[in-house]
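Subject: Structure handover

Hello,

Here is the structure I said I would pass on. My notes on what was found in it follow below.

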Amino acid sequence: MSGGGGGGGERSPAPGEDDGDTGSDYYDDADEIEAFAEAQLGGEDGELGFSDSINGEVKPRILLMGLRRSGKSSIQKVVFHKMSPNETLFLESTNKICREDVSSSSFVSFQIWDFPGQIDFFDPSFDYEMIFRGTGALIFVIDSQDDYVEALSRLHLTVTRAYQVNPDISFEVFIHKVDGLSDDHKIEKQRDIHKRANDDLADAGLEKIHLSFYLTSIYDHSIFEAFSKVVQKLIPQLPTLENLLNIFISNSGIEKAFLFDVVSKIYVATDSCPVDMQTYELCCDMIDVVIDISCIYGWMDSEAGLPYDKESMAIIHLNNTTVMYMKEVTKFLAMVCFLRKESFERKGLIDYNFHCFKKAIQEVFDVRLKVQQNRKLLSQRRWSKLTSMSNGAASNPH
C-alpha cells in the first residue's frame with residue numbers, strides 16, 4: 001500500500017526493483033512533487049482535504065508509509081482490490097505516489113495515499129505540512145523479516161514531524177510479513193519494536209504520542225482486521241453503531257455481531273464483546289461464499305448488475321451448534337451474527353429486532369447526509385462571498 005509499497009506478495013524484489021502500483025492517481029517523486037502538493041491539497045478556511053464531488057464531504061486521508069519493499073502496495077491490492085496474495089508477486093514496479101479513493105459505503109469513505117519508500121518528503125523543497133494537515137491516520141509498515149533499525153528511525157522522524165503539524169493523527173504501525181514467523185517469534189518482534197519505538201519517543205519528550213501496533217500478513221485475515229481497527233477510528237458514528245449493536249444482540253439472544261463492508265471485508269463496527277480472530281475469519285469466509293454463489297447462481301438485475309442486494313441473506317449451521325446469520329443492511333453493508341441453535345429458533349424475533357436496527361442505521365445515514373448538505377451549502381456561500389469580494393476588488397482598484 002519498496003517503491004509504491006507492494007514489495008510484491010511479501011517477497012523481496014530484486015535490487016533496484018520497486019513495488020507495485022495502486023490507486024487511480026500517480027505522481028512522480030521529483031518533477032511533479034510540487035504540482036502534486038498544490039493541485040491535490042486544496043481546502044477551505046485553512047483546512048486541507050479532498051471534497052467529495054457529489055456531497056461536498058471532506059474525506060479522511062490515510063497515509064501508507066514505510067521503507068522500500070516493506071509490502072505497502074500488496075496490502076492495498078489485497079484489501080481493496082480482492083487480489084490474491086500470490087498475484088501480488090507480479091505487481092509492476094513504480095516510483096510514484098499513488099492516491100486512491102475508497103468510497104464503498106457511507107461509513108467506509110476515505111482516501112489512501114501510498115508513498116514510495118525512497119521519497120524524502122521532509123526535503124526543504126517539499127511542504128510536508130500540507131500532507132499531514134489533512135490526514136486522519138498514518139500507517140507505517142515495517143518488514144518484520146528485515147533489519148528494522150532504519151525503519152524505526154524513519155518511523156520516529158515521520159511521527160514526530162506529523163504530530164507537530166497535526167496532533168489528531170492516529171499513528172498505526174503494521175509489523176508486516178509475519179506469516180513466516182513462529183508465534184513466539186511474532187510476540188518477540190512486536191515487543192522489541194514496541195519498546196524501541198516508544199523509547200525513542202520518550203527520549204524526545206513525546207510520551208503523549210500513542211502508537212498502535214498490529215501483526216499483519218496478506219496471507220491471512222490479520223491485515224483485514226488491522227485495517228478494520230484503523231478505519232473504525234475515522235468513523236465519527238462508531239459509538240452510535242456499537243451501541244445499536246449492543247442493544248440488538250442483548251434483545252435477540254445473539255452472542256456476537258459484526259457490521260461489515262461487503263466490498264473490502266472490513267468490519268466498520270462490532271458489539272462490545274471481544275473480537276476473536278477465528279470468528280472474524282469465519283465472517284470473511286461467509287461473505288465470500290455469499291458473493292461467489294450469488295455471482296454464479298443469483299438473479300442479476302439488468303440495471304444494477306450486483307450480486308448483493310436487499311434480498312441477500314444467508315444461514316450457516318456450524319458443527320458446534322452455532323448458527324451464522326447474515327443479512328443485508330444497506331447496499332454495501334451487511335450484518336453477520338453468531339448465535340446458538342436454540343436462540344435461532346426465535347428467528348421471527350431476531351428479524352423484527354433486525355428491522356428496528358436497520359431503521360436506526362438509516363436514521364444515522366440521514367443525519368450524516370444532512371450534515372454533509374449543510375457543509376456543502378456553507379461552503380458554497382463562503383465561496384460565493386469570496387468570489388464577490390474578489391470581483392469587487394478587481395473592479396475598484398486603488
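I began with the cysteines. A search of the whole structure, which is a predicted model, turns up 0 disulfides. For Cys-337, the closest cysteine sulfur is that of Cys-283, at 8.8 Å, too far for a bond, since a disulfide would need the two sulfur atoms within 2.5 Å. Cys-337 itself is buried, at 2% relative accessibility. Cys-295, by contrast, is partly exposed, with a relative accessible area of 46%.

Overall composition

The chain has 398 residues, and buried residues make up 51% of them. Its secondary structure consists of 11 helices and 16 strands. The accessible surface amounts to about 19400 Å², and carbon and sulfur atoms account for 50% of that.

Nonpolar cores

In soluble globular proteins, nonpolar side chains tend to be buried together. Here the largest nonpolar core has 69 residues. Which of them touch the most other members? They are Phe-174, Phe-227, Leu-259 and Phe-357. Phe-357 is in contact with Leu-244, Leu-245, Phe-248, Leu-259, Val-329 and Met-335, with its neighbours within four places in sequence left aside.

Helix α11 around Lys-358

Lys-358 lies in helix α11, which covers residues 347-395. Lys-358 is partly exposed, with a relative accessible area of 28%. Leaving aside neighbours within four places in sequence, Lys-358 is in contact with Glu-328 and Val-329. The C-alpha atom of Lys-358 is 9.7 Å from that of Met-335, and the two residues are 23 apart along the chain.

Salt bridges

How many salt bridges does the structure hold? There are 12.

- Lys-347 is partly exposed at 27% relative accessibility, and Asp-351 is partly exposed at 22%.
- Network: salt bridges that share partners join Lys-82, Lys-265 and Asp-288.
- Asp-192 and Arg-196: their side chains meet in a salt bridge of 3.3 Å, N to O. The two are 4 residues apart in helix α6, so about one helical turn separates them. Asp-192 is partly exposed, with a relative accessible area of 24%, as is Arg-196, with 35%.
- Asp-183 and Lys-186: the closest N and O atoms of this salt bridge are 3.9 Å apart, and the cut-off is 4 Å. Both residues lie in helix α6 (residues 183-203), 3 residues apart, about one turn of the helix. Asp-183 is exposed, with a relative accessible area of 57%.

Nonpolar surface

Tyr-297 is found in helix α9, residues 277-297. At 68% relative accessibility, Tyr-297 counts as exposed, because the threshold for that term is over 50%.

Regards

Conventions: Residues are numbered from 1 along each chain as its sequence is written. This is a predicted model: local features need pLDDT of at least 70, side-chain atom pairs count only at pLDDT 80 or more; totals for chains, interfaces and linings use all residues. Side-chain values use heavy atoms; hydrogens and water are left out. A nonpolar core is a set of buried Ala, Val, Leu, Ile, Met, Phe, Trp, Tyr and Cys residues joined through side-chain atoms within 4.5 Å. Buried means under 20% relative accessible area, exposed over 50%, partly exposed in between (1.4 Å probe, protein chains only). Contact means heavy atoms within 4.5 Å. Accessible areas come from the Shrake-Rupley method with a 1.4 Å probe; for residues, only the protein chains shown count as cover.
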